[in-house]
Amino acid sequence: TMQAVVLNDNLEATLKQLDLPTVNGPSTVLVRLSHAALNRRDYWMTKGQYPMIIPDTIIGSDGCGIVVDIGEEVDQSWLNKSIIINPNINWGNDEHHTSYEYTILGMPVDGTLAEYIVTDVNRIHEVPSHLTLEEASALPLAGLTAYRALFVKGGFKPGQRVLVTGIGSGVAQYVAQFASAAGGEVWVTSSSDKKIENTILRHNIEGGVKYTQNKWWKELSKRAGQFDLIVDGAGGDSIDAFGKIGKLGSKIVSYGATRGPPKVFPIYNIFLKQMELIGSTMGSDVDFENMINFIHRNRLVPVIDSVYDLDDIHLALDRMGKGKNFGKIVIRLPRSHPKL
């Protein structure tokens with residue numbers, strides 16, 4: 001058997017003993033997971049605020065580990081390799097958007113908060129050589145979302161001035177890190193001075209302001225000027241401010257709405273300044289491969305907030321729910337594994 005975290009009928013994250021999975025098709029692989037990482041979707045599931053929740057499903061979308069068994073059509077070279085899992089399922093054939101069958105590892109399909117997982121060989125990639133498994137486990141969902149939002153939907157170009165909102169979360173961290181590494185002038189917002197200071201130190205960005213202060217955008221535009229690109233995962237009333245601080249022809253990329261819909265929408269600024277408001281969710285399989293290559297080429301290392309044992313999953317989820325984390329929360333899977 002193996003340990004795994006599932007949602008019970010009350011949507012509580014529960015540690016459970018389950019049967020060990022086995023390769024179930026010629027192109028599948030069995031991965032012994034060493035580390036997983038949390039995303040906001042894992043937390044929202046425990047609050048019943050996520051679609052298609054199925055009790056007794058193993059949660060978790062991010063994971064790294066070692067390939068320990070393979071189907072008959074899988075190349076032998078994958079055995080014993082350290083791999084990272086692409087959490088996309090059924091993206092589809094159009095790079096512009098997902099298919100209607102699209103879903104994400106960890107709900108409704110069993111995910112990575114378990115000692116083992118079976119997945120198709122086309123979902124796995126080698127871990128970048130400069131990263132540990134702990135570091136690599138923090139990449140998949142947030143790194144993919146950030147890469148597509150910044151480069152694919154945002155069309156980022158070196159030298160552009162970029163605003164990344166709500167720094168502290170996994171996705172925002174990656175957007176700031178990627179944009180800085182690619183030659184951008186990066187500014188951030190946060191509710192915490194400490195998170196802004198940490199981002200300046202870690203990612204060599206220009207600076208930031210607290211969005212909790214009155215008319216924060218005035219201070220930001222005074223210090224930074226107007227922006228070529230704004231990448232936002234919060235939504236809420238900040239959307240109105242983006243219309244004020246965006247340049248002529250600038251872009252706003254929205255990948256989430258943790259603060260809900262805006263009460264005021266900057267429709268006049270959007271059309272008068274010929275701005276673009278663009279939605280982005282996750283990323284294609286091509287985006288995932290490009291993201292991994294970008295990480296490898298620039299020798300980037302994910303920001304890890306904290307590491308918890310699987311037994312402490314409730315503490316990890318609580319930290320995420322309170323918004324205390326700066327970077328990704330990683331879960332260390334048990335080290336004592338049965339022999340296959």
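Biologist: What percentage of the 340 residues of the protein count as buried?

Modeller: Of the 340 residues, 54% count as buried, where buried means under 20% relative accessible area, exposed over 50%, and partly exposed in between (1.4 Å probe, protein chains only). Please note that this is a predicted model, in which local features need pLDDT of at least 70 and side-chain atom pairs count only at pLDDT 80 or more, while totals for chains, interfaces and linings use all residues. Residues are numbered from 1 along each chain as its sequence is written, and side-chain values use heavy atoms, with hydrogens and water left out.

Biologist: How many helices and strands are there in the protein?

Modeller: The protein has 10 helices and 18 strands. These are DSSP runs numbered from the N terminus: helices are H or I with at least four residues, and strands are E with at least two.

Biologist: And what is the radius of gyration of the protein?

Modeller: The value is 20 Å, which agrees with the figure near 20 Å for a compact globule of 340 residues. The radius is taken over C-alpha atoms, and the globule rule is 2.2 Å times the number of residues to the power 0.38. Along the principal axes, the C-alpha trace spans about 60 × 40 × 40 Å.

Biologist: Which residues have the most contacts inside the largest nonpolar core?

Modeller: They are Leu-139, Leu-150, Val-164, Phe-178, Val-188 and Met-291, in a core of 48 residues. A nonpolar core is a set of buried Ala, Val, Leu, Ile, Met, Phe, Trp, Tyr and Cys residues joined through side-chain atoms within 4.5 Å. The elements that give two or more residues to this core include helix 3 (140-153), helix 4 (170-181) and helix 9 (285-298). Helix 3 provides the largest share, 8 residues.

Biologist: What is Met-291 in contact with?

Modeller: Leaving aside neighbours within four places in sequence, Met-291 is in contact with Leu-139, Pro-140, Gly-143, Leu-144, Tyr-147 and Phe-178. Contact means heavy atoms within 4.5 Å. Another core, of 32 residues, lies apart from the largest one, and Leu-7, Leu-11, Ile-117 and Leu-317 are among its residues.

Biologist: Changing topic, where does Thr-281 lie?

Modeller: Thr-281 is in the loop between strand 16 (276-279) and helix 9. It counts as exposed because its relative accessibility is 52%. Its contacts, leaving aside neighbours within four places in sequence, are Trp-91 and Arg-148. The C-alpha atoms of Thr-281 and Thr-145 are separated by 6.3 Å, although the two residues are 136 residues apart along the chain.

Biologist: Is Leu-33 buried or exposed?

Modeller: Leu-33 counts as buried, because its relative accessibility is 0%. Leu-33 is found in strand 3 (residues 28-37).

Biologist: Which residues does a cis peptide bond join?

Modeller: Met-107 and Pro-108 are joined by a cis peptide bond, with omega of about 5 degrees. Pro-108 lies in strand 8 (residues 108-109). Most residues other than glycine have a negative phi, and most peptide bonds are trans.

Biologist: What is the phi of Asn-80?

Modeller: Asn-80 has a positive phi of about 70 degrees although it is not a glycine. Asn-80 is in the loop between strand 4 (62-70) and strand 5 (82-85), and its relative accessibility of 60% makes Asn-80 exposed. Gln-274, also not a glycine, has a positive phi of about 50 degrees. Gln-274 is exposed, with a relative accessible area of 64%.
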